[in-house]
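Q: Please take me through how to read this model. Where should I start?

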Amino acid sequence: MESTIVPQLMITGLALGAVYALVATGFYITHLTVDKVNFGQGDFVMVAAFLMLSTRSAAIPVMLAIPLVMAGMLLLGLILERVAIRPLDGRRSSNVGAFAWILTTAGVAFIVQNIVELVYGKSSQYSPPLFSSDRNALVHVFGMRLVVEELLVIATAMLVAALFYLFMFRSRWGKNIRAVAYNPDAAALLGIDTRMIKVAVFLVASLLAALAGVLIGPLVTVQPHMGLILTIKALVVAAVGGLSSPIGILAGGLLFGIAEAGSNYVDSTFGDLYPLVAAMLLVALKPSGLFGERAADVR
Amino acid sequence: MSVDVKRAQGRAAPLAGYAAFVAAVVALPFLPVSPFVLHLAQSLCYTAIAVIGLNVLLGLSGQMSLGQAGFFALGAYGSALAALRLGWPVPVSMAVGTAVAAVGGAIVGVFALRTRGLYLAMATMAAGFVVEILSQRWVGITGGAMGLTGVPQIGGDAATFLALAAGLYLVVQIGADYVNDSFAGRRLRALRESEAFAASVGISVRRWRAVTFTGCAALAGLAGTLFAHQSGYVGSDAFTIRLSISLLIAAVIGGLGTRSGPLLGSLLLLGLVEFISGVEKFGPMIYGGILLTVLLLFPQGATGALVGWRRAPSRPSAPTERATAAGGRGLSLEGLPAGTSLTVESASKRYAGVKAVDGVSIRVAPGTIHGLIGPNGAGKSTLINLIAGLYRCDAGRIVIGTRDVTTLATADRARLGLARTFQNLQLIEALPAIDNVLLGMTRRRSLGSDFKDWLLRRDFEAAARTEALDILRFLGIEHAAPCLPRELSYGHRKLVELARAIAQRPTLMLLDEPIAGLNTVEAREIAHAVKQLRGLGATIVVVEHNMEFVMSICDAISVLDHGQLIANGTPDAVQRDERVVGAYLGAPAESAEVVA
């Protein structure tokens, strides 16, 4: 084994892990506020990756392409909330119980996936790199050869995460969102438009999916069926970090990415399964995750 | 809200429907139908087996699984490999396959015990995904996408396989119907409402959840074994998340929590699959569209739509009866055990530095009504939950009668004779009032004789129902027996909850704010009923804010403030206690004197 392989794997893992963390942060904000998540979040990432691919191949510059993709994903998030989330309000005691949203959001994911498949075909595609001229451009640091693209993806994802925390914990909007999460009725009495907040969290989640899609494109091959596994991994990441803790989710994502890069290197056949199984065992042992708290079920 | 089909149809002897099914299966091969129809009939039977499992899991116990395809695959590979590689006879290999799936279910079931809701959905989806990947890539064992070929088939002709699949389906359907109608169905539905509630009526939450999850996985596995031996070929393509979602679609589309839902839903699913095979390109879109349509427009599913169309909602027939009924007519109750004493010895409970209950000692004499009062945040609810077992004491002891229950779980305390009602009212919304009362009763017959009665007698659980009706009559709401909780007034729902507590034959009752939200007439009914219960020897602890109510019914009162016991005694003595007056008026005793 080359002595530099470990840091290289770390960087690869951190890049993907940072993207997983962005996807999982989308789960965090909607789970916090309305106790629901989009089971098609991974498919939304896939859609964003394809939108990015299209805008790039239309020779639109990156700095214009990203806002376009974000706008498209905002629209999709709006549709999701309107079609799969809002109609279920006040129907908690339906037959499917509190779980109808899992199936409705999965339903939207199926439709979205099918449309992408019809438009782009089933085959895998390569997305051009965002930052460097060449997918495999390398930079030499202390004798290690690191992929420039990966380093910049990590940096961008960290920036997005930092902006998200500022938004969530420093801005008035974030305060309103947390107020609605804590007690929607009290928040409404304080003049917060809870209806709008409940829509807004899904828009924020969609934006996070958009950025994750933009960033993941150059790291992996893009294909219409990549969404499900992204959803699963991001859910596991969120569970490991603790769904109630954004810092935990970031840590969980990075840990998971590194573990995955390592185990993929060791075992190319089943490498992606080990971190998944390990993470599930961890959640079974510590259901609140590494950083989360769990309230008892006292109704 | 689940439509209770049994109630809508009256209780027809279940045998007739089963006999009709057997006749259809026996007749089918003799009819001029194509082999394709026989093949579909086979598929229908095993699909329905898997869907029945999901129906019990999601429709009754309220647990979500997005990974049934994984258990289906475990059953299929288990049976196929045992028959193919080990040469075991097919019936044995099928048992092996089912067992493998059950073991897989038990392992994932660890999650079912530790987590719920979103986490359980995630865990089952991930487990299904792991099995899917293994079946694709572990080519040495599974053959991957090329699959296993030459898996021994059953009997050799389509009719034999159909008979086997139909027979197994029938057994599973009968078992599920029994679960649906019997004590087990009530308990699973209670679990679905809330775990704290289920534990409070003596249900071992963990055991029931684990057994349900494992059983449901075993049923998916059994379906998988039949699939493996149907055409002699097992390929990994069959076991994707799409199968898990398909089974969920079948369960929902048929009508969750209904008896005939799984068969109907499986039939619709197979029709859908045949339809989609013509337009494969749009497959996922059609699945997604159906999920949205059914969940948003027809959440009751096909069975619910059919039954809802036949049945107008039942209305309580007699609001007039209420006036005469007010709070019971002094009827006696058979078999209410004599009340026992309750001793709380310097119990403490703190949350994150706040002492919610701080060294409180209370003694409740047998056969008395003991009030627990105090301003908001005084620690009353915490104390009630410490006694009920929902919380554990940080220090101190709880003794019921002579038994120290400090470390016992809620369900064990309930089985020792502790019954409670909830501040925010806990009833099974999907079942009529009388079934809610039955939930409180323990099964007093063996499982076998209960099952036999269910299968053969029209008056299943007749004795228990009579008893439950007696309790409802005692509380003056006999007419509410066939009504769903949502069809009743708030006051009557509270009475139904009280009836359930009485049905537990408690030696100690905890009533948490029994008249909160009631009007004065309803409050008087409750007061009357509670006094009647004391007359029958019950020991009752009441938490309540309404002073008039508390002072008029209690033999003794304990007053809490800031987690501490500040007064204890008869209503008169407590009312005159300066500290109590101070706690309630927020004024120190001295300034009260100055004002006076």
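Q: Which domains does the assignment give for chain B?
A: Domain bounds come from an automatic or database domain assignment. Here the assignment gives domain 1 (14-240), domain 2 (337-417 + 506-586) and domain 3 (428-505) of chain B. This is a predicted model: local features need pLDDT of at least 70, side-chain atom pairs count only at pLDDT 80 or more, and totals for chains, interfaces and linings use all residues. Residues are numbered from 1 along each chain as its sequence is written, while chains are lettered from A and ligands numbered from 1 in the order in which they are written.

Q: How many residues do domain 1 and domain 2 of chain B bring to their contact?
A: Two residues are in contact if their C-beta atoms, placed from the backbone, lie within 7 Å. The centres of domain 1 and domain 2 of chain B, taken over C-alpha atoms, are 48 Å apart. Eight residues of domain 1 and six residues of domain 2 of chain B form the contact. On the domain 1 side, α10(B) gives the largest share, three residues. That side has five nonpolar, three polar and no charged residues. In this count Ala, Val, Leu, Ile, Met, Phe, Trp, Tyr, Cys and Pro are nonpolar, Asp, Glu, Lys and Arg charged, and the others, Gly among them, polar.

Q: Which elements of chain B touch chain A?
A: Helices (H or I, at least four residues) and strands (E, at least two) are DSSP runs, numbered from the N terminus. In total, 49 residues of chain B are in contact with 41 residues of chain A. The elements of chain B that give two or more residues to this side are α5 (90-114), α6 (118-137), α10 (195-200), α12 (241-254), α14 (283-297) and α15 (301-310). The largest share, 11 residues, belongs to α6(B). By class, the chain B side has 30 nonpolar, 13 polar and six charged residues.

Q: What is the strand order in the open sheet of four strands in chain B?
A: Two strands pair if DSSP finds at least two bridges between them. The order is β4-β3-β6-β7 (chain B), with antiparallel pairing. At the edges lie β4 (354-364) and β7 (403-404) of chain B, each pairing on one side only. Seven bridges join β3 (residues 342-351) to β4 of chain B, and B:Leu342 has B:Val364 as its bridge partner in β4(B).

Q: How much of chain B is buried?
A: A residue is buried if 20 or more other C-beta atoms, placed from the backbone, lie within 10 Å of its own. Buried residues are 52% of the 596 in chain B.

How values were computed. A residue is buried if 20 or more other C-beta atoms lie within 10 Å of its own, exposed if 12 or fewer, and partly exposed in between; C-beta atoms are placed from the backbone.
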